[in-house]
Amino acid sequence: MRKKIALIGGGNIGGVLAEQAAYRELGDVVMFDVVEGLPQGKALDMAEGAPLVGADSKISGANDYEAIAGSDVVIITAGLARKPGMSRDDLLKTNLSIMKQVAEGVRDNAPDAFVIVISNPLDAMVYTFKEVSGFPKNRVVGMAGILDSTRLRSFIAWELDVSVKDVTALVLGGHGDTMVPLVRYCTVAGVPIGQLISAERIDELVERTKGAGGEVVALLKTGSAFVSPALSALEMAEAYLRDKKRVFACACLCEGEYGVDGLYVGVPCVMGAGGVERILEVELSSDERKLFDASLDHVKELVSQIKI
Ligand code: TXD
């Protein structure tokens, strides 16, 4: 019996999610969107291409929530994306009302699903989903740190002309300009990058990571990054579906961890069949702690604007 993956939002990221989830045979895929015909048309096109990749997953599109019944995983991209000049926070008001609607739809139709929220502003959206749905914290997680860490991995690999496979990186905190790339924990095959790249250049790579989302938005002009976010969320979905015990930076509900009580913020966690199985508390230097607290203050300010 194949697993079932529901994608709430059939736009740029939703389309890549559907294609990759189906073609990798992670499970049968149903794409939901409010635009009539959009999810159905995209799904039909992908399904017709399946013989060329030899994938037997079923792919379908829907405009009603009943279609997501029984989903094992739900990945949410519903909402507006940034345009040039916009911050992720500018999306709060619009995407908040969308997220409330989505949370009710998922709560009522897929009550046992593991939910990965992607919509921005991420830390506020995943908090909203949790509050409205009432799902347990291990089954509601935000996709952000894994993308930010992946972007930094790419920048380090390009800088040193080494394989991306051998680079690890860790970015914690809120998903925005105040994110906290933990340079001390970035390595190439276990070698701390401080032994391989100058401090000045590392600072430049860190700044590029913080602005990486905006860099793509400025180039695209009509929307934001969509392939790397989709691939990041699929790593999380696969870790859950195949009980892989992967360690990623994700937006998790902290209830005491890192001295945080009752907020979603990017921290390292172990992801497997139990969803967010546990949060790993890594040591932070005083400087890193200051940056983390500043990021946390930004998340608190954002969440304070939410009225559920
Ligand atoms: O790292 C991260 N978390 C971010 C997240 C990385 C990149 C993009 N980030 C955010 O994801 C972005 O700022 C947006 O808030 C979401 C989705 O980005 P995407 O690029 O996929 O946006 P699109 O292409 O506009 O798709 C959004 C879809 C679109 O088809 C709408 O019709 C649909 O959402 N939509 C809805 N679906 C279901 N229910 C409702 N109410 C709804 N409203 C709009």
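**Entry 1: Ala189**

I started with Ala189, which is exposed at 65% relative accessibility. My scale for this: under 20% relative accessible area is buried, over 50% is exposed, and partly exposed is in between (1.4 Å probe, protein chains only). Before going on I noted that this is a predicted model, where local features need pLDDT of at least 70, side-chain atom pairs count only at pLDDT 80 or more, and totals for chains, interfaces and linings use all residues. I also noted that residues are numbered from 1 along each chain as its sequence is written, and that side-chain values use heavy atoms, with hydrogens and water left out.

Where is Ala189? I found Ala189 in the loop between strand 10 (187–188) and strand 11 (191–192). Helices (H or I, at least four residues) and strands (E, at least two) are DSSP runs, numbered from the N terminus. Most residues other than glycine have a negative phi, and most peptide bonds are trans.

Asp243 sits in the loop between helix 8 and strand 12, and is partly exposed at a relative accessible area of 36%.

Then I looked up a cis peptide bond: it joins Asn120 and Pro121, with omega about -10 degrees. Pro121 is in the loop between strand 5 (114–117) and helix 4 (122–133).

**Entry 2: aromatic rings**

How many aromatic pairs does a search of the whole structure find? It finds five. Rings of Phe, Tyr and Trp (its six-membered ring) pair if their centres lie within 6.5 Å; planes under 30 degrees apart are stacked, over 60 edge-to-face, and the rest tilted.

I looked at Phe155 and Trp158: the ring centres are 5.5 Å apart and the planes are at 65 degrees, so I call this pair edge-to-face. Both belong to helix 5 (residues 145–160), three residues apart, which is about one helical turn. Buried or exposed? Phe155 is buried at 7% relative accessible area, whereas Trp158 is exposed at 55%.

Next came Tyr258 and Phe292, with centres 5.5 Å apart and planes at 40 degrees, so this pair is tilted. Tyr258 is in the loop between strand 12 (246–255) and strand 13 (261–272), and Phe292 is in helix 9 (residues 286–304), so the pair ties together parts 34 residues apart in sequence. Tyr258 and Phe292 are both buried.

I also checked Arg139: its charged end sits over the ring of Phe135, 4.8 Å from the centre. "Over" needs NZ of Lys or CZ of Arg within 6 Å of the ring centre and within 35 degrees of the ring normal.

**Entry 3: helix 5 meets helix 8**

The axes of helix 5 and helix 8 (residues 227–241) come within 9 Å and cross at roughly 120 degrees. That makes helix 5 oblique to helix 8; under 35 degrees is roughly parallel, over 145 roughly antiparallel, 65 to 115 roughly perpendicular, and the rest oblique. Axes are lines fitted to C-alpha atoms, for helices over the stretch in contact, with angles from 0 to 180 degrees between N-to-C directions.

Which residues meet? Ile146, Leu147, Thr150 and Arg151 in helix 5 meet Ser228, Pro229, Ser232, Glu235 and Met236 in helix 8. Contact means heavy atoms within 4.5 Å.
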